Amino acid sequence: MKIDFSKFSSVKIGGVFDVEMIDEMCEFDGVMIGGANNILISPNPPKMGILSPKFDYIKFENGILSVGAKTSAAKLFKFAKEQNLGGFEFVKKIPGTIGGLITMNAGLKEHEISQSLKSIITSYGEFDKNECDFAYRHSNIKGVIYEARFEILREFDDDLSEILNAKRANQPKGASFGSCFANPKAAPAGKLLEEVGLKGFRIGRCGFSEIHANFLINYGGGTFSDAIALINLAKERVMDKFKIELKSEVVVL
């Protein structure tokens with residue numbers, strides 16, 4: 001199938017490319033794009049694949065929540081709230097699919113998707129979460145993720161959900177990857193970018209938001225060159241001034 005990444009990806013950058021639809025559990029020698037929410041597509045991307053709607057499902061039985069990797073975070077949040085299942089309060093406004101969230105161990109503050117995870121099913125079999133090397137915005141998972149299984153240990157916490165939702169109130173609107181860089185231990189990435197003069201700074205049709213500097217925004221018609229130049233400039237300036245290596249949450253293909 002052909003996908004126009006200028007319309008499909010969250011940052012609205014990229015051309016029209018062939019993407020293989022994966023309909024059965026199998027090995028795949030390319031890159032899975034999920035919902036393309038933290039992906040920057042170059043003019044010459046590698047072989048890409050995307051899961052079919054077959055992997056968009058949620059099942060709850062005997063205290064275990066099984067979620068297809070194609071399922072959106074929004075759908076998971078809605079199901080958890082309606083069924084009174086705790087552990088997913090933080091996913092309300094995280095863009096993307098479950099496969100992508102697990103790959104990058106997505107989260108908010110001290111809450112991460114791996115915390116209530118029991119196991120995952122990939123093209124190489126089923127793996128316990130302790131075999132996946134989860135850390136802050138990191139995992140080491142072999143193969144394509146097809147399903148995630150979560151252990152439900154508590155009820156849904158409405159108060160926690162409201163608190164976490166409020167923490168996202170300062171996130172800017174517009175076409176973006178979400179957070180562009182992971183937060184170093186020394187200081188939040190947004191503060192470091194602001195300190196080196198990049199808050200509101202633009203190259204071409206892309207720029208770091210004037211609301212939150214760690215959001216790279218495509219203001220319309222932004223290109224791969226615009227975005228990659230901003231990412232590289234940010235890394236250089238922060239390294240030069242603070243001797244801190246910024247690690248991008250954006251996957252460049």
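A residue is buried under 20% relative accessible area, exposed over 50%, and partly exposed in between, with a 1.4 Å probe and protein chains only. Of the chain's 253 residues, 49% count as buried. This is a predicted model, in which local features need pLDDT of at least 70 and side-chain atom pairs count only at pLDDT 80 or more, while totals for chains, interfaces and linings use all residues. Numbering runs from 1 along each chain as its sequence is written, and side-chain values use heavy atoms, with hydrogens and water left out.

Start with the overall form. The chain has six helices and 18 strands (DSSP runs numbered from the N terminus: H or I of at least four residues, E of at least two). Its radius of gyration is 18 Å, which agrees with the value near 18 Å for a compact globule of 253 residues. That radius is taken over C-alpha atoms, and the globule rule is 2.2 Å times the number of residues to the power 0.38. Along the principal axes, the C-alpha atoms fill a box of roughly 55 × 45 × 30 Å.

Next, contacts (heavy atoms within 4.5 Å). Among those with a separation of 6 or more, 60% join residues 24 or more positions apart.

Two asparagines deserve a look. Asn 84 has a positive phi of about 60° although it is not a glycine. It is found in the loop between helix H2 (73-83) and helix H3 (98-103). Asn 84 is partly exposed, at 34% relative accessible area. Asn 105, also not a glycine, has a positive phi of about 50°. Its loop lies between H3 and strand E9 (107-108). Asn 105 is buried, with a relative accessible area of 0%.
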